Amino acid sequence: MAGILSMLVILIALLSMNVGKMNVSPIEVLQVLAGQGTDKQKLVVFDFRLPRIVLAILVGFGMALSGCIMQSLLRNDLASPGTLGISSGSGLFVLAYISIFAAQGLVPMSSLPLLLPALAFVGGLTAAGIIFLLAYRKGREISPTALILTGVAVGSGYGALSLLMTLRLDSKQYDFALRWQAGSLWGADWKYLAILLPWTLLIGLYVLYKARTLNVLNLNTQTAHGLGLPYRREFIGLALAAVALSAGSVALGGNFFFVGMIAPHIAKRLVGPNHKVLLPVSGLVGALIILAADTFTRTVSLGADIPTGVVITIAVTPYFLYLLAKSK
């Protein structure tokens, strides 16, 4: 299944390089990738199309992997960076940096590629800490339902702060903030990808290495302790990895709310609960969703420049309602 999904991602990526306002045929794309082609074709492929395709794949992979980890740790199919409010926390810190500090020259714009993932991670970690503290009850195991409900409340609070911040911006900055919050894949630039690629790759490899641990954690706390697993240490390590993956994706792609929740659930339907297969398939499903939606928005005229996240939300809302109806 992973091989089939990989082939689909490659096929849609090739299709995405061929479509758009500036048409480049498949043969011309292959010529450019082989080091030939005109300067205009190279500009279209290497400066416009390819960075956006790579960003869509990385953001989808990171969000889906993060959602898969959270669903396994909390044993709840509705858990995700969006429902737990972690994406909102990351978004608030990124929005504050871009719209206030960088825009007013308080920090240099040249530091943007390095600081964005780090700031998003701090914002997501702060939100996660607040959520766990509010959901914690002494002497009791934290309820996944309580965590999700607390995350929704905290996410709403972060959303209100973000809105308050955007209302103070000028029209250009406000338009950017609005599109970024809807999921716009704004960081389609090689200088950003040079940070996001190793960030996602290294953390993703760590998570894949911990696939067997996730299989045990997904059972129950008593079983994990009975098997001699250092439950708290492994839980915290994987939770931090989930926050970091989500943070990198949110920083450069915006808040793709549903991808982190829907992609792991689809993957589980395809390959089952074994995380050795579930994790990579979840990432590929997430990459496929965002890449396909972005290709659609660039190909089909919708009367306006619609952010990719809006199309994804419209497409997967029925499936989300189905999950909600089936959840216990």
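These legends describe close-up views of one predicted model. Local features need pLDDT of at least 70 and side-chain atom pairs count only at pLDDT 80 or more, while totals for chains, interfaces and linings use all residues. Residues are numbered from 1 along each chain as its sequence is written, and side-chain values use heavy atoms, with hydrogens and water left out.

**View 1. The protein chain has 14 helices and zero strands.** Helices (H or I, at least four residues) and strands (E, at least two) are DSSP runs, numbered from the N terminus. Of the 328 residues, 49% are buried (under 20% relative accessible area, 1.4 Å probe, protein chains only). The accessible surface is about 15400 Å², and carbon and sulfur atoms hold 68% of that surface (Shrake-Rupley method, 1.4 Å probe).

**View 2. Ile69 and Val207 touch the most other members of the largest nonpolar core.** This core has 93 residues. Helix α3 (residues 39-74) gives the most to the core, with 16 residues. A nonpolar core is a set of buried Ala, Val, Leu, Ile, Met, Phe, Trp, Tyr and Cys residues joined through side-chain atoms within 4.5 Å.

**View 3. Ile69 is in contact with Val207, Leu214, Leu238, Ala242, Leu245 and Leu279.** Contact means heavy atoms within 4.5 Å. Neighbours within four places in sequence are left aside. Across the protein chain, 76% of contacts between residues at least 6 apart in sequence join residues at least 24 apart.

**View 4. Helix α6 covers residues 144-166.** Its 23 residues reach 32 Å from first C-alpha to last, close to the expected 33 Å (1.5 Å times one less than the number of residues). Buried residues in α6 include Leu147, Gly151, Val154, Tyr158 and Met165.

Note on methods:
Buried means under 20% relative accessible area, exposed over 50%, partly exposed in between (1.4 Å probe, protein chains only).
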